[in-house]
Every structure is written in C-alpha cells, then in structure tokens.
Amino acid sequence: MNWGIVFKSVIAFVKRLWSAAPVATAILALALMASLFFGVRSAVFWYDRPPLAERRQPVAAWMTPRYVARSWRVPRDLVLDAIDAPRPLPGGPVSLAQLADLRGVPVAQVIAELETAIAAFREDRGRSPAKSPAGSGQ
C-alpha cells in the first residue's frame, strides 16, 4: 500500500469538504477530536482501575444491608440475620446506624457482628467446592 497516495487522497477529500461546508467541517473535526480524546481517556482509566478487592469498601455505619450484601457478594438474608434486623425493614432504606438505634446497641457492635458473619460465610464458601464463586451464580 502506498501511503503517499492515501495521504494525498485524504487531503483532497478534506479540502473538498472544507470548500463545500466550512462550518460543518470544523464542527466535524472538533467532534472527532473530542471523541478521540474522551475515548483514549476512558481506555486509560479502565486499564488503570484498581482490582475489585481494593475497591471494596469496609463496612460502615451509613451502609444499608442491601448495599453490604451486594458489595461484598453475600446473601441479603445473611446480612439481615447477622445484624438481627427486624423483618420487614421499617419503611425505605435503613442504614446500619439506624438499625443499631432500633436494637439499642452501638453501631460498632453491629458492624463487628456483620464483619464476623461475612468472614464466616467466605471461609465456609471457600472450603466447600459446591459453593465456589463460579458455581454459586452470584
């Protein structure tokens, strides 16, 4: 392939576009540059993202039981049982701090109970081949 011929034909095409519609050609050039910029930027951010284990947040008082279950990939019932939450939960999303207030215990105790239950679940799942992450469907 002769790159000189390709380059000359591209230049001729751009000149023809510019002579027919200079404003539209400028807008097209800006849109192509922006697309290229944001595409490269997205690819770099995706490539440099931290591994899942580093993105996982420690359990905190502001989290809801559903948020903890989804982010730590444990069953929601396990979370609710671990923190001894009333069922059904009182109207709308309820944070761990609010559930601790309902129980009348410090939020640190609720978080410790939940972290213990998550660790036990993960240890149990790691020992049993039938409950491996690939076979669990989660």
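At what angle do helix α1 (residues 3-20) and helix α2 (residues 22-47) pack, and how many Å apart are their axes? In this predicted model, for which local features need pLDDT of at least 70 and side-chain atom pairs count only at pLDDT 80 or more, totals for chains, interfaces and linings use all residues. Residues are numbered from 1 along each chain as its sequence is written, and side-chain values use heavy atoms, with hydrogens and water left out.

Two packed helices are described by the angle between their axes and the distance between the axes. Helices α1 and α2 pack at an angle of about 125°, and their axes are 5 Å apart; the axes are lines fitted to C-alpha atoms, for helices over the stretch in contact, and the angles run from 0 to 180 degrees between N-to-C directions. The arrangement of α1 relative to α2 is therefore oblique, given that angles under 35 degrees count as roughly parallel, over 145 as roughly antiparallel, 65 to 115 as roughly perpendicular and the rest as oblique. On the α1 side, Leu17, Trp18 and Ala20 meet Pro22, Thr25 and Ala26 of α2, where contact means heavy atoms within 4.5 Å. The residues of this contact divide into five nonpolar, one polar and no charged, with Ala, Val, Leu, Ile, Met, Phe, Trp, Tyr, Cys and Pro taken as nonpolar, Asp, Glu, Lys and Arg as charged, and the others, Gly among them, as polar. Thr25, which has its place in helix α2, touches Leu17 and Trp18 when residues up to four places away in sequence are not counted. The relative accessible area of Thr25 is 12%, so Thr25 is buried, on a scale where buried means under 20% relative accessible area, exposed over 50% and partly exposed in between (1.4 Å probe, protein chains only).

For the protein chain as a whole, eight helices and zero strands are found, helices (H or I, at least four residues) and strands (E, at least two) being DSSP runs numbered from the N terminus. From the N terminus on, the elements accordingly run α-α-α-α-α-α-α-α. Of the 138 residues of the protein chain, 20% count as buried, and among contacts between residues at least 6 apart in sequence, 47% join residues at least 24 apart.

Helix α6 (residues 96-103) has Leu96, Leu99 and Ala100 as buried residues. Seen down the axis of α6, these buried residues fall within an arc of 105°, so they line one face of the helix; the arc is that of the directions from the helix axis to the C-beta atoms. The face of α6 turned away from the buried side carries the exposed residues Asp101 and Leu102. Gly104, with a positive phi near 80°, follows α6.

Leu89 lies in the loop between α5 and α6 and, with a relative accessible area of 21%, is partly exposed. With neighbours within four places in sequence left aside, Leu89 is in contact with Pro65, Arg76, Leu80 and Leu99. For the pair Leu89 and Leu99, the separation is 10 residues in sequence and 9.0 Å in space, C-alpha to C-alpha. The loop between α5 and α6 also holds Asp84, a residue other than glycine whose phi is positive, near 55°, and which is exposed, with a relative accessible area of 53%. A positive phi of about 55° is likewise found at Arg73, although Arg73 is not a glycine. Arg73 is located in the loop between α4 (65-72) and α5 (76-82) and is partly exposed, with a relative accessible area of 44%.

Aromatic pairs were assigned for rings of Phe, Tyr and Trp (its six-membered ring) with centres within 6.5 Å, planes under 30 degrees apart counting as stacked, over 60 as edge-to-face and the rest as tilted. By this rule the count comes to two aromatic pairs. The rings of Phe37 and Phe38 have centres 4.9 Å apart and planes at 75°, so this pair is edge-to-face; Phe37 is exposed at a relative accessible area of 51%, whereas Phe38 is partly exposed at 46%. The rings of Trp62 and Tyr67 have centres 5.3 Å apart and planes at 50°, so this pair is tilted. Trp62 is exposed, with a relative accessible area of 53%, while Tyr67, at 34% relative accessibility, counts as partly exposed.
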